[in-house]
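Dear colleague,

Please find the structure below, with its sequence. My findings follow directly after it.

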Amino acid sequence: MSIFAVLGNPVAHSRSPQIHQAFAAQHGQKLIYERRLIALDDFAAQAREFFKAGGTGANVTVPFKHEAYILADVLTERAKAAKAVNTLFWRNGQLLGDNTDGIGLVRAIEELLSFSLSNKHILLLGAGGAACGVIQPLLQQLPASLTIANRSAEKAQLLAQEHNVNWCAVTQIKPEYDVIINATAGSLHGQKLPVSVPVLARAQLVYDMMYSAKLTPFLLQAHEAGCRHLVDGLGMLVAQAAASYALWHGFNPDIRPVTEQIRKEMERS
Ligand code: NDP
C-alpha cells in the first residue's frame with residue numbers, strides 16, 4: 001500500500017489524514033496516511049528519510065513550507081511563484097515540490113461558494129507563506145484589482161512589486177473592496193486586525209484562511225462590522241488536499257461532501 005504523510009510541527013491537530021482517507025474512499029483505493037512530527041531543526045533529513053523508507057507523497061505544513069521548497073529537486077511553476085511547497089511527490093527518482101494552497105483557495109471560493117472572483121476588487125491581508133502562494137492563482141481569475149496589506153508594510157510592498165499588484169499599509173485600507181481574504185496568522189493568535197468597520201461592512205465576502213468550529217476572531221470582527229458573508233478556510237484546506245491527491249493519484253476528488261464531513265467532525269470535537 002502506498003504511504004503518505006503530513007509533515008509539520010505541531011501536527012497532532014492536522015485533519016489531513018481524515019481528508020485523504022475520505023478521498024481514497026471516493027476513489028475506491030486504500031492508502032496509509034500518517035501524521036509525522038518533524039523536529040524543528042531537522043526537516044530536510046527527516047523528510048528525505050520518509051521518502052527513503054518508501055513514502056510516496058507528503059503534505060507539508062507550518063513551519064516547513066519554505067524548507068520543503070529548498071529541499072525539492074524539481075518545482076512546479078506554482079511552487080516557484082509561491083516560493084513555498086506544501087506538497088512533495090517522489091516521482092522518477094526525484095522529489096517534486098508543488099504548492100496547492102492557491103488553487104485550493106480559488107476552488108473553495110468559486111466551487112463551494114459559487115462566488116466568482118472575476119472583476120472583483122480583492123484585498124489580501126498578510127505577506128507570509130500563505131499569501132505568497134495565493135497571489136498568482138487569484139490573478140488568474142482576472143479580478144478587477146488585487147491589493148496586499150500587511151502588519152509589516154515593507155513586506156507587503158515587496159510582495160506587491162514582485163507580482164505587479166497594489167499594496168497599502170494595513171491601517172490605511174480604503175473601503176473599496178468586494179472580497180477580503182485574511183492570510184495573516186492574526187486569528188491563529190486570537191487577535192483582531194486593524195481593519196476599519198467601513199472596509200469590512202462594504203465587502204461582499206470576507207474569507208479567513210484559518211478555520212474553526214466557531215467564528216474565527218477575524219470573522220467575528222467582520223460580523224460585528226455588519227458583513228454577512230463570512231467563510232473560514234476549511235474549504236481551502238480540503239481543496240488544497242484534493243489538488244495534492246490529484247497530483248499523487250490522478251483522481252480529482254469531490255470536495256463538497258468531504259468539507260461537510262470534516263465540518264461535522266470539527267463541531268463534534
Ligand atoms: P506566516 O507565518 O508565513 O505569515 C504570517 C502572516 O501573518 C504575516 O503576514 C504576518 O505579518 C501576519 N501576522 C502574524 N501575526 C499577526 C498579528 N497578530 N496581527 C497581524 N498580522 C499578523 O504564516 P502563513 O502565511 O503560513 O499562514 C497564515 C495563516 O493562513 C495561518 O492562520 C494559517 O493557518 C492559514 N493557512 C490556512 C490554509 C488552509 O488551507 N486553510 C493553508 C495555509 C495557511 P508580519 O509580516 O508583519 O509578521
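This is a predicted model: local features need pLDDT of at least 70, side-chain atom pairs count only at pLDDT 80 or more; totals for chains, interfaces and linings use all residues.

E162 forms a salt bridge with K83, and the closest N and O atoms of the two are 2.9 Å apart. Because E162 belongs to helix α7 (residues 153-163) and K83 to the loop between α4 (77-82) and β5 (87-91), the pair ties together parts that are 79 residues apart in sequence. K83, at 39% relative accessibility, likewise counts as partly exposed.

In total, ten salt bridges were counted. Two others are described here.

In one of them, D178 is paired with R202, with the closest N and O atoms 3.2 Å apart. This pair links distant parts of the chain: D178 is in the loop between β9 (166-169) and β10, R202 is in helix α8, and 24 residues separate them. D178 counts as buried because its relative accessibility is 9%, under the cut-off of 20%. R202, by contrast, is partly exposed, with a relative accessible area of 39%.

The other joins R263 to D232, the closest N and O atoms being 2.8 Å apart. R263 lies in helix α11 (residues 255-268) and D232 in strand β12, so parts that are 31 residues apart in sequence are tied together by the pair.

Strand β10 (residues 179-182) and β11 run parallel and are joined by four bridges. Between these two strands the chain passes through helix α8 (residues 197-202), and this β-α-β crossover is right-handed. Within β11, Y207 is the bridge partner of I181.

Strand β12 (residues 230-232) also runs parallel to β11, with three bridges joining the two. The chain reaches β12 from β11 by way of helix α9 (residues 217-225), and this β-α-β crossover is right-handed. Y207 stands opposite V231 in β12.

How are the side chains of β11 (residues 205-208) arranged, and are they buried or exposed? L205 and Y207 point one way, V206 and D208 point the other way, and all are buried. In a regular strand, side chains alternate between the two faces of the sheet.

Finally, I turn to the ligand. It is surrounded by 23 residues, of which A130, N150, S152, K155 and Q191 are the closest. A polar backbone atom of A130 is 2.7 Å from a ligand oxygen atom, and a backbone N or O atom of A127 lies 2.9 Å from a ligand oxygen atom. R151 contributes through its side chain, where an N or O atom is 2.9 Å from an oxygen atom of the ligand. Taken alone, the ligand exposes 930 Å², and the protein buries 80% of that area.

With kind regards

Methods: Residues are numbered from 1 along each chain as its sequence is written. Side-chain values use heavy atoms; hydrogens and water are left out. Buried means under 20% relative accessible area, exposed over 50%, partly exposed in between (1.4 Å probe, protein chains only). Two strands pair if DSSP finds at least two bridges between them. A crossover is right-handed if, with the strands pointing away from the viewer, the path from the first strand over the helix to the second runs clockwise. A salt bridge is a side-chain nitrogen of Lys or Arg within 4 Å of a carboxyl oxygen of Asp or Glu. A residue is near a molecule or strand if one of its heavy atoms lies within 4 Å of it. A polar contact is a pair of N or O atoms within 3.5 Å; within protein, one must be able to donate a hydrogen and the other to accept it, and residues adjacent in sequence count only if both atoms are side-chain atoms. Accessible areas come from the Shrake-Rupley method with a 1.4 Å probe; for residues, only the protein chains shown count as cover.
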